[in-house]
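Here is a short report on one protein model. Keep the sequence and the 3D view at hand as you read.

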Amino acid sequence: MMKEMLTNKILTGLRDAEFERLMPLLQPVSLSAGERLSEAGETMRFIYFPESAVLSCQAEMQDGKSAEVGIIGFEGMAGITAVVGSLPAVNSLNVSVGGSALRVSTDDFKREILRGDGVQQLLLAYAAEYITQISQRSACAVFHTTEQRFAVWLLLLMDRVKDEVIQITQERIAEHLGVRRAGVTVAAGAMQDAGAISYRRGNLRVNDRQMLEMIACECYGTLAVGRQQTTYM
Ligand SMILES: [Zn+2]
C-alpha cells in the first residue's frame, strides 16, 4: 500500500517513517451503509480512517432515540477519544455512506504509533477540528430549525463523498438529526420546492449546492471541510 494512493488526510499527513511503521498494521475494509462498527459503552477495538466511506458518531438515549454528534470522512479518523484516553466510548459508531476505509487495532495504534511527534501533532490538530464540529453542532441543534440542520448535515456529507447522489431513507435522516420522520418530510419538501435537492425512492440528489448553502444556517461556514484553520504538516 502506497501513501500516495490514499485520500485520508491523517494517513497521508504522516511522515514517511511513521506511515511505514503503521502500514503493516492497517487493514483495508469495505463498509456498508447502516453497518454498526462499535457500541456506546464499549471500548473501541479499532480506529477507522475513512477513505470513501462516511461514518457517523451517534449519541444513544435510553428510550432508543439517537442523534448524530459527529460526522467523519476522509478528513479524519474515528476513535480519537479511544486514542487519547482509555474510557469506553460514549457514542456508537455507524456507517452513513458505504465505501472503503482502513482500520487498525486501538492497542496496536497506541503501542506502535502514538510515540511519534508528527503523529501527535496530527492527532491534536484533528481532535481540535472534531471538538469544533461537535460543539458547533450542539449549539446548532438548540438554535436552528430542522430544515437548516438538514441542509448543514447534507453539506457536511457532500463534502465527504464524490457522488452527488446518496441512497438514504427519510427514517435514517431523521435518526441522524434526532427529529421525527415527519419533520424530515416537511424539510425535504421545502428544499425540493426550492430546487436545492430532489428526493426519489430513497435517492437524494443535490441539484443546487449554492441554494443548499443559503438554506443552511451559519454553522456550515464554520464546519465546511477545508475551511477550518487546521493545517496538516
Ligand atoms: Zn446551525
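The model is predicted. In any sheet, strands pair through backbone hydrogen bonds, either parallel or antiparallel.

Look at β3 and its partner. Strand β7 covers residues 99-105, and five bridges join it to β3 in the antiparallel sense. F49 stands opposite L102 in β7. Y48 stands opposite R103 in β7.

How many residues of β3 are buried? Five of the five are, so β3 is largely enclosed by the rest of the structure.

The side chains of β3 point two ways. F46, Y48 and P50 go one way, I47 and F49 go the other way, and all are buried.

## The four-stranded sheet

A second open sheet has four strands, in the order β2-β6-β4-β5, again with antiparallel pairing. Which strands stand at the edges? They are β2 (36-38) and β5 (66-72). Each has a single partner strand, so one side of each is left without a neighbour in the sheet. Neighbouring strands are turned by 35° against each other on average, direction ignored.

The pairing of β2 with β6 is antiparallel and rests on two bridges. In β6, the bridge partner of S38 is L93. Two helices meet this sheet. Helix α5 (residues 117-143) lies across β4 (54-60) and β5, and runs at about 145° to β5. Helix α7 (residues 170-177) packs on the sheet and touches β4, β5 and β6. The direction of α7 makes about 85° with that of β5.

## Aromatic rings

A pair of aromatic rings is described by the distance of the centres and the angle of the planes. The model has four aromatic pairs. Take F49 and F109, one of them. Their ring centres are 6.0 Å apart and their planes stand at 50°, so the pair is tilted. The pair links distant parts of the chain: F49 is in strand β3, F109 is in helix α4, and 60 residues separate them. Both F49 and F109 are buried.

Now compare Y126 and Y130. This pair is stacked, with 5.9 Å from centre to centre and 25° between the planes. Why are they about one helical turn apart? Y126 and Y130 are four residues apart in helix α5, and that is about one helical turn. Both are buried.

R103 lies over the face of F46, at 3.7 Å from the ring centre. R103 is also the residue that stands opposite Y48.

Find N94 in strand β6 (residues 92-97). Is N94 buried or exposed? Its relative accessible area is 9%, so N94 counts as buried, given that buried means under 20%. The side chain of N94 makes a polar contact with the side chain of S92, at 3.0 Å. Beyond residues up to four places away in sequence, N94 touches E35, R36, V54, L55, S56, Q58 and E60.

Next, find S66 in strand β5. S66 has 13% relative accessibility, so S66 counts as buried too. The side chain of S66 makes a polar contact with the side chain of Q58, at 3.4 Å. Apart from neighbours within four places in sequence, S66 is in contact with Q58, A59, E60, E175 and G178.

Conventions
Residues numbered from 1 in each chain as written. Predicted model: local features only at pLDDT ≥ 70, side-chain atom pairs only at ≥ 80, totals over all residues. Heavy atoms only, no water. Buried < 20%, exposed > 50% of the residue type's maximum accessible area, 1.4 Å probe, protein only. Polar contact = N/O pair within 3.5 Å; in protein donor to acceptor, adjacent residues only side chain to side chain. Contact = heavy atoms within 4.5 Å. Pairing = 2+ DSSP bridges. Axes fitted to C-alpha atoms, helices over the stretch in contact; angles between N-to-C directions. Phe/Tyr/Trp six-rings, centres within 6.5 Å; stacked < 30°, edge-to-face > 60°. Lys NZ or Arg CZ within 6 Å of the ring centre and 35° of its normal.
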